[in-house]
Amino acid sequence: MATISNQSRVQPDERLNDADPTHPRGVIVSDTDLQPVGIPQPGGVDWGKAHASAQFIKSVPIEFARNKKVLGLASDHGSIPLAAADVTDHQTFDVLRRFLGCRIEPFEADEKQVLLSINQAYGQQTGAAHEFVESLDSQSVIEEVRSLESREDLLNNADRAPVIKLVNLVLFEAVQQQASDIHIQPYESRLVVRMRIDGVLFDIFDLPLGVQEEVVSRVKVMAKMNIAEKRLPQDGRATVQVGDRVIDLRVSTVPASHGERVVIRLLDKSARLYTLDELGMDRRDLARFAKLINVEHGLILVTGPTGSGKSTTLYAALGQINSTQRNIITLEDPIEYQLDGISQIQISDKKGMTFASGLRSVLRQDPDIVMIGEIRDRETAVMAIQAALTGHLVFSTLHTNDAASAVTRLLDLGIEPYLIGSSLVGVLAQRLVRRVCRHCAKHDTPTSDELTSLCFAPTDEERKRFRKGTGCDHCRGTGYHGRAGCFELLTIGSEVRSLIQTHATAAQINDAARRAGMRSLCDDGLIKVGQGTTTLEEVMRVSMRADL
């Protein structure tokens, strides 16, 4: 875990940026942006209408607010109402009066609510990294990067060395933008920070080239990597905190022509897990898939490229069939989310714990259901099929373009056709398409060429629902915000099973599955276009990849 020394003293020269400089009052404490409250009477405040004082958020470090359990609220009365868990802490109130330079009105508030509101208020800061980069003095960051002691909290930026504060703000910006990856990429004359948001990379800002070594070293320190080794690739991990959210970081560095390139994958451990109903499957495929995951034994595969949501689907499936009557064990690399009631095992190739060796041990633990993070080689595939044939329900993933290609991939790994036909019960291929931003969505009329290229003949009702985003602040001008799944579910019926026995090609298996009623990734995407969820351009993007 990355560590940072906690400084609780308030320092006027190290102030947090406003969460929203355009907001006339301050930072919203609740989800509802209503008018500021007046001076509350002792005994409480309507937290549904309150929001924090911008002056308080800007001036008081989050660690001080947390330690003292105080939060200033916005008011039109020239003073700051102060929600405090302890109204007898006069020393803290005196410090805040002197530092804020105005009168404060302490009132008693529930401790849990104060702490929750502190995390929400400070967590809504955005754009701070951009402001810091604009004022960055490259000479000021040529300082020794300090090794720190406790879990890093990205909201606590008071009293930080410039490079540490910069990295914290970059990570914080990525969390706020819901980015899945951060790329720190050196060029000949600049250092570019890029973020993958909704599956697409964006250049966020440029850093002075002079801070490259310090930024990379800081990331390495956080991930407990060797800062002296710059000629070989390295992998590391860290855990940071944004308020009450815990974020796991997977860090990879490789030497490039202009210095080390860093990629950081962010995994929000506190993110809510989805249910099968929320993934975006249509009713028919959802019912078929729900039936598949409730069979007694067999192999179920989820396929797609990296970042297509395979793990999310597997977690949703396990969550639906999880019960006290079943022993469920997973082998993962990495463990992305904690599942209650399920034993999760971290794979570590360096320590000799591979998917294949781990599966051998897991099968001696009397499991009913086993989830294997990925089938990477023949040994793992053989073990997975043997487990499926011996009375276990096995879930795993493969990297293939479509559902039918999963069969040929297993054949390429050297698995006998009769074993595949006997063990495989279903394959779910998936992609993620970006959703049309609801804030700037307008009616769209696709061209005839676009419709023809996808063999799409929409009904009049579907044409009325075509939408496209024009671009706004909520979607970074892209017209898209969030993602939805497109699915292709192949069930192994008698015809497909016979084709497997004859070493049929993926195209032959796909044709047979389509005749049996399988809907392709493109077809499922077009349904979502007709519902106004996404656009033809997005469907073409994922369909072309699937057809390659």
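Which side chain meets that of Arg434 in a salt bridge? The partner is Glu538, and the N to O distance is 3.0 Å. Arg434 lies in strand E18 (residues 424-436) and Glu538 in helix H19, so the pair ties together parts that are 104 residues apart in sequence. Arg434 counts as buried because its relative accessible area is 13%. Glu538 is buried too, at 2%. We will come back to this region. First, take in the whole.

This is a predicted model. The protein has 548 residues, and 53% of them count as buried. It contains 19 helices and 21 strands. Now consider contacts between residues with a separation of 6 or more. Of these, 67% join residues 24 or more positions apart.

Start with a sheet. Three strands form it, in the order E3-E4-E5. The sheet is open, and its pairing is mixed. Strand E3 (70-72) and strand E5 (104-108) are the edge strands, each pairing on one side only. On average, neighbouring strands here are turned by 25° against each other, direction ignored. Helix H3 (residues 90-100) packs on this sheet and touches E3, E4 and E5. The direction of H3 makes about 145° with that of E5. Look next at how E3 joins strand E4 (residues 80-84): the two run antiparallel, with 3 bridges between them. Within this pairing, Leu71 stands opposite Ala83 in E4.

Strand E7 (residues 181-186) and E8 run antiparallel, joined by 6 bridges. Gln185 has Val192 in E8 as its bridge partner. The two strands form a hairpin, with 4 residues between them. E8 then pairs with strand E9 (residues 200-207), again antiparallel, through 7 bridges. Here Arg194 has Asp203 in E9 as its bridge partner. E8 and E9 also form a hairpin, with 2 residues between them. Asp198 sits in that turn and has a positive phi of about 55°. How covered is strand E8 (residues 191-197)? It is mostly covered, with 5 of its 7 residues buried.

Now turn to charge. Side chains of opposite charge can pair when their charged atoms come close. The count of salt bridges comes to 23. One of them joins Glu213 to Lys230, with the closest N and O atoms 2.9 Å apart. Glu213 is in helix H7 (residues 212-222), while Lys230 is in the loop between H7 and strand E10 (234-242). They are 17 residues apart. Glu213 is partly exposed, at 39% relative accessibility. Lys230 is partly exposed as well, with a relative accessible area of 39%.

Lys468 forms a salt bridge with Glu537, and the closest N and O atoms are 3.0 Å apart. Lys468 belongs to strand E20 (residues 467-469) and Glu537 to helix H19, 69 residues apart. Lys468 counts as partly exposed because its relative accessible area is 32%. Glu537 is partly exposed at 27%. Elsewhere, salt bridges link a network of Asp282, Arg284, Asp285, Arg288 and Arg519.

Asp285 leads us to Leu490. These two are 205 residues apart in sequence, yet 9.7 Å apart in space, C-alpha to C-alpha. Leu490 is found in strand E21 (residues 480-491). Leu490 is buried, because its relative accessibility is 1%. Beyond its neighbours within four places in sequence, Leu490 contacts several residues, including Ala403, Gly426, Val496, Ile509 and Met518.

Back to the region of H19. Thr533 lies in the loop between helix H18 (521-530) and helix H19 (536-547). Is Thr533 buried or exposed? It counts as buried because its relative accessibility is 16%. Not counting residues up to four places away, Thr533 touches Arg434, Arg435, Val436, Ala484 and Lys528. Among them is Arg434, the partner of Glu538 in our opening salt bridge.

Last, the cysteines. How many disulfides does the structure hold? The count is 0. A disulfide needs the sulfur atoms within 2.5 Å. The sulfur of Cys475 also has its closest cysteine sulfur in Cys472, at 3.7 Å, and that is too far as well. Cys437 is buried at 0% relative accessibility, and Cys475 is buried at 3%.

Definitions and conventions:
Residues numbered from 1 in each chain as written. Predicted model: local features only at pLDDT ≥ 70, side-chain atom pairs only at ≥ 80, totals over all residues. Heavy atoms only, no water. Pairing = 2+ DSSP bridges. Axes fitted to C-alpha atoms, helices over the stretch in contact; angles between N-to-C directions. Contact = heavy atoms within 4.5 Å. Buried < 20%, exposed > 50% of the residue type's maximum accessible area, 1.4 Å probe, protein only. Salt bridge = Lys/Arg side-chain N within 4 Å of Asp/Glu carboxyl O.
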